[in-house]
Amino acid sequence: MKVPTRAWKRSGALIAGTAAGLVGMGLFATPASAHTPVWTVTCSEVTVDLKAYEDSVTNTVTVTVDGKDLLPAKEFGSNFHEALKLPDHKTEVEVRLVVKAGDGERFSHDETKTAPVCESETPKPSDTPEPSDTPEPSDTPEPSDTPSSEPPSSAAPVPTPSETTPGGLAETGGSSATPVIAGAAALAVLAGGGIMVATRKRRAAARD
């Protein structure tokens, strides 16, 4: 009867030890799996999301960019979430996240990621100038449809007052003495004709 009793005692002790070991492993594994540090890095932003940390201790989180503080050491409880804007940069920068868990160094987190350069949406200027739709002005002047107010060069000159007679008529080569001269010439012609007729009559009478 004593042998079975001892066997049962040994079996009970083995079962109890195994159960205690499993419970201990579960207690130690639960905090390790509960701490969840998640963070992402883009060209312009850093997002930090920390979950399931021990609330009864002091936890801190720090974010640096190329060694400069983007988020100085900040305390948090069980959870922490924040989006941080990165400064403008023309080259890639190193972003470092440091999480210090107050319930043990093994739950802390230290990781570095690279933030790329954001692509600019502004197109770069081209070296080749684009053709313009506006026609360039021509060196040859176009003929004007509006008549010029200046008289043509071939127009007859306007006589000046010095070239006109006192009576207001232009000179034509004659003068006021022309009728008198013409009348005297007519009388001379008539007188000469009368003399010739009288001379002929006298000669005819002398012959008879």
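Are tyrosine 53 and phenylalanine 76 buried or exposed? Both tyrosine 53 and phenylalanine 76 are buried, where buried means under 20% relative accessible area, exposed over 50% and partly exposed in between, with a 1.4 Å probe and protein chains only.

The model is predicted, so that local features need pLDDT of at least 70 and side-chain atom pairs count only at pLDDT 80 or more, while totals for chains, interfaces and linings use all residues. Residues are numbered from 1 along each chain as its sequence is written, and side-chain values use heavy atoms, with hydrogens and water left out.

Rings of Phe, Tyr and Trp (its six-membered ring) pair if their centres lie within 6.5 Å, and planes under 30 degrees apart count as stacked, over 60 as edge-to-face and the rest as tilted. By this rule the count comes to 2 aromatic pairs.

| Aromatic pair | Centre to centre | Between the planes | Class |
|---|---|---|---|
| Tyrosine 53 and phenylalanine 76 | 5.4 Å | 80° | edge-to-face |
| Phenylalanine 76 and phenylalanine 80 | 5.8 Å | 50° | tilted |

Tyrosine 53 lies in the loop between strand 2 (45-51) and strand 3 (59-65) and phenylalanine 76 in strand 4 (residues 68-76), so their pair ties together parts 23 residues apart in sequence; strands (E, at least two residues) are DSSP runs, numbered from the N terminus. Phenylalanine 80 is buried as well, and ring pairs link Tyr53, Phe76 and Phe80 into a cluster.

Strand 6 (residues 93-100) and strand 7 pair over 7 bridges, and arginine 96 has threonine 112 in strand 7 as its bridge partner.

Technical notes. Helices (H or I, at least four residues) and strands (E, at least two) are DSSP runs, numbered from the N terminus. Two strands pair if DSSP finds at least two bridges between them.
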